[in-house]
Amino acid sequence: MTSTETPVELGTAPAEAPSNDVTLTEAAALKVKDLLESEGRDDLRLRIAVQPGGCSGMQYQLFFDERVLDGDVELAPHGVPLVVDRMSAPYLGGATVDFTDTIEQQGFTIDNPNAQGGCACGNSFCG
């Protein structure tokens, strides 16, 4: 007896690669939008950078900037204009920025899968 069935190879779909973009939580996006609105300018964007310094060797900088430089990665999570310079991008790929507003703490926090260690102040890391 001959089979008329066609053999089918079963496999798994490739796993989705983790995002190399910086993301903002909804809370962070709302806070950035509020801060941008209070600046009264529509040409600003949030710039996230990594600079040498801090207790662990590298520190984060978040500030508003009207410039977009050559090599900047431009993103718009939750509609928030955001840029990361080309030197900081490898350190920030996959990072999530959140905003916390509790009685114990208020401010932006960064959950960075690239950070191999940090310090007690939470403002610096080693990559």
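Modeller: In this predicted model, confidence is highest in helix H1, at a mean pLDDT of 96, and lowest in strand S9 (residues 124-126), at 46. Here pLDDT is the predictor's confidence in each residue, from 0 to 100, and helices (H or I, at least four residues) and strands (E, at least two) are DSSP runs, numbered from the N terminus.

Colleague: What is the pLDDT over residues 1-18?

Modeller: Over residues 1-18 the pLDDT is below 50, and beyond near neighbours in sequence this stretch has zero contacts (heavy atoms within 4.5 Å) in the model. Where pLDDT is low, the predicted coordinates should not be read in detail.

Colleague: Which cut-offs and conventions apply?

Modeller: Local features need pLDDT of at least 70 and side-chain atom pairs count only at pLDDT 80 or more, while totals for chains, interfaces and linings use all residues. Residues are numbered from 1 along each chain as its sequence is written, and side-chain values use heavy atoms, with hydrogens and water left out.

Colleague: Changing topic, what is the strand order in the open sheet of three strands?

Modeller: The order is S1-S6-S7, with mixed pairing; two strands pair if DSSP finds at least two bridges between them. The edge strands are S1 (23-24) and S7 (106-111).

Colleague: How many bridges join S1 to S6?

Modeller: Two bridges join S1 to S6 (residues 96-101), and these strands run parallel. Leu24 stands opposite Val97 in S6.

Colleague: And which residues does Val84 touch?

Modeller: Not counting residues up to four places away in sequence, Val84 touches Val22, Arg47, Ile48, Gly71, Asp72, Val73, Ala89 and Leu92.
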